[in-house]
Amino acid sequence: MQSHQETEDRTEEYRMIHDLVAKFVDQELMPMEAAVLEREVRGEHLHLLPEEEAVLFKKCKELGLWALDAPEEFGGANLPAVPLVAINEELGRTVTPFTFPPDSPNLHMLMAIATPEQREKYLLPYAEGTAKSAIAISEPNAGGDPTGMITRAEKDGDQWVINGRKIWVSRVPYADFTIVMARVGSGKRHEGITAFIVDKGTPGFEILREIPMLAGHRTYELVFENCRIPASNILGEVGSGFAPMQLRLNIRRLQIGAWCLGMSRRALEMMAEHAKQRVTFGALLADRQAIQWWIADATIKMHACRLMVQEAARKQDAGEDIRTEASMIKVYATEMASEIIDHAMQTFGAMGVTKELPLHLMAQRTRVMRVYEGPSEVHRMSLARRYLKSIK
């Protein structure tokens, strides 16, 4: 157990890292927004150019903002979830598409179930930033319900053969390996769901098409035709892939909650600053009751959301099951941010619906968030079922 002094030292360390991240966002990411907005106007992909990423990565390494939640044995800072959600809230304030490498959800999935050989081959380079990953879960007929997947894997000697399709997969063209969820055997729902690591360029693994999404992002449809991988590339146990996949989803849902808080903060600040300057019909917008109530409601909801995210992060650090909290956060945070951003756009009037401000990108981003990592309706259904089951 940590002493009081050790706890205080760690708290101060987390505060310093948080302040460092806030400055990084203000000084490095915010100035890049103009270029990002221009790319969106031209209909281009919003990912950063390699030379832009290289500059940011160099700065991250200089500042120690690298592999923040990776184990210390891999050169990481091993930060718990509580300070991480605060860091992600800061990143949410900007529309510059950047996260500190490596992307946390896949990192935690690998940390949880990778074999020693897989940790050396995949986790270590991923944590060090020399490898990138993707994960393929959804299918054309199994999006919001991943337990309906029909992509299958069959054992053939010392290999596994994967056949099926995946869709809505991000970052595949840049990924050195992809975690592919497939079903083994004839079980239903989560029975037989297994995780496999498929290396880039593996025969039978093909990117079928690129799918343009809102906010300038791209996802991909994949096809697996007799895609053979070695038995050593099973991630975890056969038929036990649903739990680590759920862990990965919970990590992302906490991130979403934090990102939504960051976007809401930015939108609210923009709205308040504009309202204190803009005069209509002889009075400041800040004096209009409608605007004041929007601001009041935003501060209330953001406070509630932040408490939800922090409490879920605390439980995750304690090793507790946070599926219920993660679902609540996913629904509440995305709908909260959508409303606050929309009110900010309305406050700006015509300027609010131009592509000169970042608000439209934030609005598109939150709209997408209400679908991916589980649609709001599916989360509400799950929450209701769990609650009803608890009532005797």
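Me: What counts as a disulfide here?
Reply: A pair of cysteine sulfur atoms within 2.5 Å.

Me: And how many does the search of the whole structure find?
Reply: It finds 0 disulfides. Bear in mind that this is a predicted model, where local features need pLDDT of at least 70 and side-chain atom pairs count only at pLDDT 80 or more, while totals for chains, interfaces and linings use all residues. Residues are numbered from 1 along each chain as its sequence is written, and side-chain values use heavy atoms, with hydrogens and water left out.

Me: Is Cys 260 buried or exposed?
Reply: Buried, at 0% relative accessibility. The cut-offs are under 20% relative accessible area for buried, over 50% for exposed and partly exposed in between, with a 1.4 Å probe and protein chains only.

Me: Where does Cys 305 stand, buried or exposed?
Reply: Cys 305 is buried too, with a relative accessible area of 1%.

Me: Switching to packing. How many residues are in the largest nonpolar core?
Reply: It has 46 residues. Phe 98, Phe 100 and Met 181 have the most contacts inside it. A core is a set of buried Ala, Val, Leu, Ile, Met, Phe, Trp, Tyr and Cys residues joined through side-chain atoms within 4.5 Å.

Me: Which elements supply at least two residues of this core each?
Reply: Several do, among them helix 1 (4-29), helix 3 (50-63), helix 6 (116-128), strand 4 (177-183) and helix 7 (242-275). Helices (H or I, at least four residues) and strands (E, at least two) are DSSP runs numbered from the N terminus. Helix 1 gives the largest share of this core, 6 residues.

Me: What does Phe 98 touch?
Reply: Skipping residues up to four places away in sequence, Phe 98 touches Phe 24, Leu 29, Leu 48, Leu 56, Phe 57, Cys 60 and Leu 91. Contact means heavy atoms within 4.5 Å. Another core lies apart from the largest one, with 39 residues, including Leu 254, Ile 329, Phe 348 and Leu 357.

Me: Cavities next. How many of 30 Å³ or more?
Reply: The search of the whole structure finds 1. On a 1 Å grid over the protein atoms alone, a cavity is a set of points where a 1.4 Å probe fits but cannot get out, a pocket is an open set with protein on both sides within 12 Å along at least five of seven lines, and lining residues have an atom within 4 Å of a point. Points are joined across faces, edges and corners, and the volume is the space filled by probe spheres set on them.

Me: What lines that largest cavity?
Reply: 14 residues, with Leu 84, Asn 88, Phe 100, Pro 102 and Ser 104 nearest its centre. Helix 4 (residues 81-91) supplies the largest share of the lining, 4 residues.

Me: How much of helix 4 is buried?
Reply: 9 of its 11 residues, so the helix is mostly covered.

Me: What about the peptide bond from Pro 101 to Pro 102, cis or trans?
Reply: That bond is cis, with omega near -5°. Pro 102 sits in the loop between helix 4 and helix 5.

Me: What is phi of Ala 67?
Reply: Near 50°, a positive value in a residue other than glycine. Ala 67 is in the loop between helix 3 and helix 4 and counts as buried at 0% relative accessibility. Ala 215 has phi near 65°, also positive. Ala 215 is buried as well, with a relative accessible area of 3%.

Me: Last one. What is the volume of the second largest pocket?
Reply: About 460 Å³. Of its 24 lining residues, the closest to the centre are His 108, Leu 247, Ile 251, Gln 316 and Ile 322. Helix 7 provides the largest share of that lining, 8 residues.
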